[in-house]
Amino acid sequence: MIQIDIHKKLHGSQGDMDLDVKLEIQKGEFIALMGESGSGKTTLLRVLAGLEKAEGDIRVEDVYWLKKQKMLPPQQREIGFVFQDYALFENMSVEENLLYVNDDKVLVKKLLQMTELNRLAKRNVKSLSGGQKQRVSLCRAMMNKPKLLLMDEPLSALDPAMRTKLQDEILKLHKTFGTTTIMVSHDTDVSYNLSDRILVLDHGKIIANGTPQEILLKTSTITYTLSV
Amino acid sequence: MEIFDFASLDFAPFILSFKLAGLTTLILFVLSLPLAWYLSQTNSKTKPILEAVTALPIVLPPSVLGFYILVVLSPNSSVGGFFEDLLGVKLVFSFTGLVVASCFYSLPFMVQPLQSGFESLNKHMLEASYLAGKSKLQTLLKIALPNIKPSLITALIITFAHTVGEFGVVLMVGGSIPGETKVASVAIYEMVEVMEYGKAHIYSALMVLMSFIVLLSVYIFNHTQRKIGVL
């Protein structure tokens, strides 16, 4: 289980605000994090990854990733992170990107097969399409068998066909590895199809927390907020 | 113009210039790598101070730089005294002294391209490396450095070429001892002083040609990299 209770002052595009998040996540859960731009979604992900400072506690099973202001460095958190802009190591091939994280050739083969990338294993990542790059990024994030997989709008830069394909692959990987996953998404369809639970963040606070049916199917102000 | 014998041309100053430039480039690369990396990653208040100090050799007259280096390296100073008494190394009017002076003189030409290369890297790419469990040093050597190849080549070549071309600092710190501190630029100066214009022409033309080839190769390399989509 992951217990999160964090506070952070943000100086964002919508002026100053406090990020205040108290949350419990069960092992193996898939959470979609929604909310308007500038509501603090990406910052929350980055705090969980240890890429930004915050105050409070983050406890993963019995290990404190954050206790008051004492941070466990990102290197020791066993996290998989999928960036919106892929952030692949451009000096390396597809295979090398994965092996850099963990020198496990069997796992590389398995992941590349699952995502139909095996024929591209030796290709330099610069020559790949957006969808292929994001699949490599996803595989790379799974290489250290992460306790927590964080994805920052992984599908937003892709065309609809590729989005559907990748959506299936994300779900397949999540289920195969039993990873706990948090995904930032603007897309209600994606969130509905993938997640066990949806959290809606507004001005740094969680304003809705429930199953996709509860959050997305009732006609509330939240649904309206999400659709604009 | 006098007729001269090509065979009588002494290439020792050129060899010395290249030896000096090669050593300076190597030493500066090792020293500048952590400095440029630190400057590219930090938001500390000391950053502008460090940047200004690093850039000083660009704006200072070489004579000023040479004068201070001479003062600091002289056996009468604590630094120069330490090296001479304890290590037996003479730092003024010696090749070792020239290398030290050149490292100061050419520092910005190594640091600045490396720093701007590191700054242009996708921050997320470095973060992905940290999240993969890799240390800052591993990230620097395996991710950052291979991804700034054009900046790296520029830094190495420009530092080398700039050191070959230095004059004021070497003259002040090294003087003109044949085979020890008499580099090509100093040799040309002396030829002009004694009105050996023929030799000065050949030496100068060689310098122009070599500098041009060096710069051309940098630009061709960067152009090719851009064409194949590396940049």
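This is a predicted model: local features need pLDDT of at least 70, side-chain atom pairs count only at pLDDT 80 or more; totals for chains, interfaces and linings use all residues.
View 1. Setting aside neighbours within four places in sequence, A:Val125 has contacts with A:Leu88, A:Glu90, A:Met92, A:Ser93, A:Val94, A:Asn97, A:Lys133 and A:Val136. A:Leu99 is 26 residues from A:Val125 along the chain, and the C-alpha atoms of the two are separated by 14 Å.

**View 2. The two domains of chain A.** A distance of 25 Å separates the C-alpha centres of domain 1 and domain 2 of chain A. Each domain supplies residues to the contact: 12 residues come from domain 1 of chain A and 12 residues from domain 2 of chain A. On the domain 1 side, the largest share is 5 residues, and these belong to strand E8 (residues 148–152) of chain A. By class, the domain 1 side of this contact has 8 nonpolar residues, no polar residues and 4 charged residues.

**View 3. The contact between chain A and chain B.** Chain A gives 16 residues to the contact and chain B gives 15 residues. On the chain A side, the elements that contribute two or more residues are strand E7 (79–82) and helix H2 (94–101) of chain A. The residues on the side of chain A that touches chain B comprise 10 nonpolar, 3 polar and 3 charged.

**View 4. Chain B as a whole.** The secondary structure of chain B consists of 11 helices and 0 strands. Along the principal axes, the C-alpha atoms of chain B fill a box of roughly 65 × 50 × 30 Å. Chain B has 231 residues, of which 35% are buried. Among the contacts in chain B with a separation of 6 or more, 73% are between residues 24 or more positions apart.

**View 5. Helices H1 and H5 of chain B.** Two packed helices are described by the angle between their axes and the distance between the axes. Helix H1 (residues 12–41) of chain B packs against H5(B) at an angle of about 45 degrees, and the axes are 7 Å apart. H1(B) is therefore oblique to H5(B). The crossing of H1(B) with H5(B) is right-handed. In the contact of H1(B) with H5(B) there are 18 nonpolar residues, 6 polar residues and 1 charged residue.

**View 6. Helices H5 and H8 of chain B.** Helix H5 (residues 95–119) of chain B and helix H8 (residues 149–164) of chain B pack at an angle of about 165 degrees, with 8 Å between their axes. H5(B) is therefore roughly antiparallel to H8(B). H5(B) passes H8(B) in a right-handed crossing. The residues of H5(B) that meet H8(B) include B:Ser102, B:Ser106, B:Phe109 and B:Met110. Among the residues on the H8(B) side are B:Ser151, B:Leu152, B:Ile158 and B:His162. Sorted by class, the contact of H5(B) with H8(B) holds 7 nonpolar, 9 polar and no charged residues.

Key: Residues are numbered from 1 along each chain as its sequence is written. Chains are lettered from A and ligands numbered from 1 in the order in which they are written. Axes are lines fitted to C-alpha atoms, for helices over the stretch in contact, and angles run from 0 to 180 degrees between N-to-C directions. Helices (H or I, at least four residues) and strands (E, at least two) are DSSP runs, numbered from the N terminus. Angles under 35 degrees count as roughly parallel, over 145 as roughly antiparallel, 65 to 115 as roughly perpendicular and the rest as oblique. A crossing is left-handed if the near helix is turned anticlockwise from the far one by less than a right angle, and right-handed if clockwise. Two residues are in contact if their C-beta atoms, placed from the backbone, lie within 7 Å. Ala, Val, Leu, Ile, Met, Phe, Trp, Tyr, Cys and Pro count as nonpolar, Asp, Glu, Lys and Arg as charged, and the others, Gly among them, as polar. Domain bounds come from an automatic or database domain assignment. A residue is buried if 20 or more other C-beta atoms lie within 10 Å of its own, exposed if 12 or fewer, and partly exposed in between; C-beta atoms are placed from the backbone.
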